[in-house]
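Welcome! Let's take a friendly look at a pocket and at some aromatic rings.

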Amino acid sequence: MEGHAFYIILLFASLFMAILSGMPALFAIAGAPLLVAGIGILAGSFEPSFLHAFPQRVLGMMGNQLFIALPLFVFMGLLLEKSGLARGMLFAANRLSGNSSRALVLSVLAVSTLIAATTGIVGATIIMLGAISYPALIRAGISQKLASGLVVSAGTLGQIIPPSIVLIILSDQISTAYQEAQRAKGVFAIEPVTVSDIFAGAAAPGLLLVFLYAGYLVFKLRGDTAKAVPAKEMQIEDREQKSLSLLLSPLFLILAVLGSIIFGIATPSEAAAIGAGGTLLLASMLQERQNRGSSLLSSAGVVAMLALGMTQALPADLKFPLSLAVSGIFGLGLLAATYDLLKSRNLGPVLVETVYLTGMIFGIVLAASLLSLVFRGFGGDILFNELAVNLPGEKWGALLVVMLLVFMLGFILEFIEIIFIVVPIAGPVLLGLDINPVWLAVLFALNLQTSFLTPPFGVALFYFRSVAPPDIETATIYRAVVPFVILQLIALFIVAMFPQIALYLPQLLFR
Amino acid sequence: MHSNWPGIAGQLSLSTPGMYVLDVCERIGDAMIDRFTRFADQLNKATLVLCILLFATMAGSTIATVVMRHVFNSGFLWLQDLGMFAFGLLAILSLPCALNVDRHVRVDIFRVRQSGTMQKRTDWFGTAFFLIPVFLLLLVYSLPEFTISLAIGESSPQIGGLPFYFIVKAGIPVCAVLMLVQGVALVLRRRGKIGDQLDVG
């Protein structure tokens, strides 16, 4: 089969026009390819049987074990925000940093990193940072520009620091692309790329980004002397007590999710379920207006959950009865926490919102499956392969072009559309040029960080705008992100130059 | 256009019989549209409750699977399958829920500058030429797969898993129908509100 360049161009032109028209992206990404396929069928250049695979693709999405993690992580992030857990952490950070502006920016960054490592939903995190940390930053005498830049960029860390929704979707697409590339080379014993590999691969680059931000912030505030913040203002925040449990709770969740993946207790999808359970227990335990009985049960549940992780160390004769008891307490704790949170009307809205966000994500996944079918039906994969092979600089040339494309698309599209449009098309080509899949995934993830911040369609900017005080101009916010986007590109460049930053940890843990 | 009619027709309805007839037709049409959108909302409530139950089932059975395996070194394939079945249905049935409240991502760089009329035209266009063909195609192609699956009583692709795999397969045509209903309801609900601001979701 040969490629139909005309139809491929028509496909992408109509796709982008439809997306930019403002109709739901789901309609555009599925509908535009279908219309072009219709024209192709009438003209005899498209084989209709390609479309027959559409329900099969959808069924594949519904049976994808990896995707179970998505609704669970969404739920976890939303509940962390709704329950006031993450809010409390931010207040604690404001309080602990006392009156130094440098200490404040660094503690805001540190807490954002912790929230990111528990799961970190971009929208929820930025709204919280904007409402809680931004006023504190301004009070500490930090400029509007630096403060808003910090809030939006720290709020997006959740998508590069594992566990993250971006990384899960990326790993699914990258591993499919990798298998395709290997099969094309005639390699059939393929070592799979797992989401664990990609989580591990993104950890060090994510921290690198945090350090770059920290270095920049300290540099910008180098001349600032300590400023006394009036004691009265500090006290407003003092209502949020329980600092210790608040600071320990993210560590508990990080241990529960990342720990169970690293120690081989659970797959990433199962770890997401454990994290969701842990968040449920914590949220009920730390709830303001609480029922003593259920609070006790959920606290016992937290202890039981920690104990469950260690049951392997028990002596053989005690193991079964003790484990049974501990699992029972854990189960009871979960039920009590669910009841408690449902009664306080905190859980209902989180569940409804989880369903909406799940629908939003899978809407794009479903639409993208039709796009990729039509793209292949017109032989687009063959065309792109020829194009990439003819690029100068072999793998570096192709990589540079794709990275530039992703960066440019980041100005108008969201990460999820970019992943589903670019990776299935460019992935197999790049991975066929002997590029390591984990490294490539991390480069994509770092590059996609910019898409949250680049105007006009940077999601982080929208969320921040919705909570930012009206006196800050949108133009100021746009200018504020420039240094942080540059730092993200520097991180991308460093990881591109030194692949070991991404590859060391996965090799250490899983090889 | 639509919303201007009741006013004009209302004033003239007693004087000109033609306008009177138009007015009555208009009211009957309005009532039917109202009924349809209310029906869509009811349907959505049911879907939403189902999705929440599916989510709870998925989370619960996944946690139980981990505890069983890690602590007791055993497990049930049906339990794992229950989680997968619940996820599969949640993944597909959450789509119409998000559509009912217009929560699917839109790229609104240009949309924010469009007038209300223009936005509504875009929505009509999107529903008529993009949403409807896609989900009709999905319905037409997935229905036979479901009926075959039902006829042979297809069980889980996993050996030792749950029976009733056709329930998962039923999710696809059901989703397609719900998407058609919710998509049409979404544009109909906005029909009268000219100059309506963009819902930021």
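## Aromatic pairs

A residue counts as buried when its relative accessible area is under 20%, and as exposed when that area is over 50%. The model shown here is a predicted one. With 9% relative accessible area, A:Tyr7 is therefore buried, whereas A:Phe6 reaches 57% and so counts as exposed.

Over all chains, the structure holds 21 aromatic pairs. A:Phe6 and A:Tyr7 make up one of them, an edge-to-face pair with 5.2 Å from centre to centre and 75 degrees between the planes. These two residues also belong to an aromatic cluster with A:Phe46, A:Phe50 and A:Phe378.

## A link within chain B

The ring centres of B:Phe85 and B:Tyr165 are 5.8 Å apart and the planes stand at 50 degrees, so this pair is tilted. It links distant parts of the chain, 80 residues apart: B:Phe85 sits in helix α3 and B:Tyr165 in helix α5. B:Phe85 is buried, at 12% relative accessibility, and B:Tyr165 is buried too, at 13%.

## A charge over a ring

In chain A, A:Arg222 lies over the face of A:Phe219, 4.3 Å from the ring centre.

## The second largest pocket

What is the volume of the second largest pocket? The value is about 570 Å³. Its lining has 25 residues, and A:Leu334, B:Ala56, B:Ala59, B:Gly60 and B:Ile63 lie nearest the centre.

Helices α13, α15 and α16 of chain A and α2 of chain B each supply at least two lining residues. α2(B) gives the most, with 12 residues. By class, the lining has 19 nonpolar and six polar residues, but no charged ones.

Definitions and conventions: Residues are numbered from 1 along each chain as its sequence is written. Chains are lettered from A and ligands numbered from 1 in the order in which they are written. This is a predicted model: local features need pLDDT of at least 70, side-chain atom pairs count only at pLDDT 80 or more; totals for chains, interfaces and linings use all residues. Side-chain values use heavy atoms; hydrogens and water are left out. On a 1 Å grid over the protein atoms alone, a cavity is a set of points where a 1.4 Å probe fits but cannot get out, and a pocket is an open set with protein on both sides within 12 Å along at least five of seven lines; lining residues have an atom within 4 Å of a point. Grid points are joined across faces, edges and corners, and a volume is the space filled by probe spheres set on the points. Helices (H or I, at least four residues) and strands (E, at least two) are DSSP runs, numbered from the N terminus. Ala, Val, Leu, Ile, Met, Phe, Trp, Tyr, Cys and Pro count as nonpolar, Asp, Glu, Lys and Arg as charged, and the others, Gly among them, as polar. Rings of Phe, Tyr and Trp (its six-membered ring) pair if their centres lie within 6.5 Å; planes under 30 degrees apart count as stacked, over 60 as edge-to-face and the rest as tilted. Buried means under 20% relative accessible area, exposed over 50%, partly exposed in between (1.4 Å probe, protein chains only). A charge sits over a ring if NZ of Lys or CZ of Arg is within 6 Å of the ring centre and within 35 degrees of the ring normal.
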